[in-house]
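Subject: Handover of a protein structure

Dear colleague,

Please find the sequence and the structure below. A summary of what was found follows them.

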Amino acid sequence: MAATDSISIFAEGTFEEQVLELATYLARSIPEDGRAAFIQPFQDALVTPEGKEPIEQDEEWRRKVFGTVLSQVKGLGEGSEKEIEGFFNLLFSHFLTLFPLDSPDTRAHLDPLLKTIVSASDHTPTKYRILSNLFNAIPRQSPLRLAVYQILLELASANDELELLGISQTEVDKWLSEWEISSEEKSSFLKLLVRAFTKANNATVAYHYQLSYVRSLPPASPSAQEAAIDTVASALRLPSYFDFDSLFRLDAVIAAKDHELFALLQIFLNEGLPQYKAWTDSHSAVLTKYELDGAQLERKIRLLTLATLGFQNTGRDVPYSAIATALQVELAQVESWVIDIIRAGLLSGKLSQTTQTLRVTRATARAFEREQWELLEKRLQAWKTGLANVLEIVSASRQKAGSDAPVSAAGAAVAAATPAGIETPAAAAQTAVA
């Protein structure tokens, strides 16, 4: 077996002793008066004929005998959970030693064994341990890991116990980079993850695997086009998802530019409420087709519109009236919308009921293109000018009072020079109603 950093399974005794141990365990599943007859063929198969090399020196002979044992595994067997796990650990030890991991014949032996384990009617926790032990015992690069984890995933999904696997996208990405499998197999595995998390009602995690699935497909293929549209619809359905710019970095999404949802995606990236209402007036059937909630989409486009308004006015006071006009809401509703967008993490600032303004300290850009880079350049230039003024103030203070000039004066100057929207750690976003 190839070198691996996975878990090794150690077994004591000779090959003959271990085979008989496996056969004896299997015999528990038949009536007691038939057990001796069941074990006898295994004993006979282990006898070394005169003039033949011992079985320890003949791998093909060992493989043939073990194959006979493997063919008799019809379930988890009769035993305690500890005994069941021990039986399969010993079985896997010989399986991984005797069968070449890159051989199609090995997969042909493994698939029925996995189905036998999963189809057993009870001992579900034991099944998880058995399959996990096998997964960890297989070398990290082996494609057999994919086969085992697919079964684990299907088992957990069928029992609504997906959380037991503790799957993380970082781990999945690492596996896919290690496993020696085709691009088609990688795509199929990602699609299986999407379905599993969708079934578990974890739409956010399912969406992130959708993004990976779309990236794994040839951009111009029909399957990629279909997956891209499904991913766009998922992003629109998620109530707290606002990063539509990332979708435009997917070639498959750009290739679907003629689809009716693509125009809606562009509105959520660059436009506002009037354009959204115009689109929905002529595409109401599309909302139904893709299970999109019109009220939820309207809330999202209002929040994104307010984020854009805030980004354009970072460091300045925005009148309530300007916000009300942009969002097409009553003046009395402005504060609740501002609180909503701050909770969504798209904007930070301070409300003033006295002046009826919002002081924007930070806002998220819906897309970062030339316009946003130019605005950032202006802010950095303002910061540079402010810092130059700080140096002049500090220098003048030192000349006037010597080297013991109060630090507070310099600190005040730094605070004055820091441009709005470029926050120091101590000036984390806060919200207040004056």
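A residue is called buried if its relative accessible area is under 20%, exposed if over 50%, and partly exposed in between, computed with a 1.4 Å probe on protein chains only. Tyrosine 149 has a relative accessible area of 5%, so this residue is buried.

Please note that this is a predicted model, in which local features need pLDDT of at least 70 and side-chain atom pairs count only at pLDDT 80 or more, while totals for chains, interfaces and linings use all residues. Residues are numbered from 1 along each chain as its sequence is written, and side-chain values use heavy atoms, leaving out hydrogens and water.

Confidence

The predictor's confidence in each residue is given as pLDDT, from 0 to 100. Its mean over the protein chain is 88, and 86% of the residues reach 70 or more. Over residues 1-10, pLDDT stays under 50; it also stays under 50 over residues 412-434. Where pLDDT is low, the predicted coordinates should not be read in detail.

Aromatic pairs

Rings of Phe, Tyr and Trp (its six-membered ring) pair if their centres lie within 6.5 Å; planes under 30 degrees apart count as stacked, over 60 as edge-to-face and the rest as tilted. The count by this rule is 19 aromatic pairs. In one of them, the ring centres of phenylalanine 135 and tryptophan 179 are 6.4 Å apart and the planes stand at 80°, so the pair is edge-to-face. Phenylalanine 135 belongs to helix 6 (residues 124-137), whereas tryptophan 179 is in the loop between helix 8 (169-178) and helix 9 (183-199), 44 residues apart. Helices (H or I, at least four residues) and strands (E, at least two) are DSSP runs, numbered from the N terminus. Both phenylalanine 135 and tryptophan 179 are buried.

Tyrosine 149 and phenylalanine 189 are also edge-to-face, because their ring centres are 6.2 Å apart and their planes are at 75°. With tyrosine 149 in helix 7 (residues 144-158) and phenylalanine 189 in helix 9, the pair ties together parts that are 40 residues apart in sequence. Phenylalanine 189 has 0% relative accessibility and therefore counts as buried. One aromatic cluster is formed by Phe135, Tyr149, Trp175, Trp179 and Phe189.

Helix 8

Which residues of helix 8 are buried? They are Val172, Trp175, Leu176 and Glu178. These residues cover an arc of only 160° around the axis, so they lie on the same side of helix 8; the arc is that of the directions from the helix axis to the C-beta atoms. The face turned away from the buried side of helix 8 carries the exposed residues Thr170 and Ser177. The buried residues of helix 8 pack against helix 6, helix 7, helix 9 and helix 10 (203-216), where contact means heavy atoms within 4.5 Å.

The nonpolar core

A nonpolar core is a set of buried Ala, Val, Leu, Ile, Met, Phe, Trp, Tyr and Cys residues joined through side-chain atoms within 4.5 Å. The largest one has 132 residues, of which Phe88, Leu91, Ile167 and Leu261 touch the most other members. Helix 7 supplies the largest share of this core, 10 residues. Not counting residues up to four places away in sequence, phenylalanine 88 touches Val73, Gly75, Leu76, Leu113, Ile117 and Ile130.

Yours sincerely
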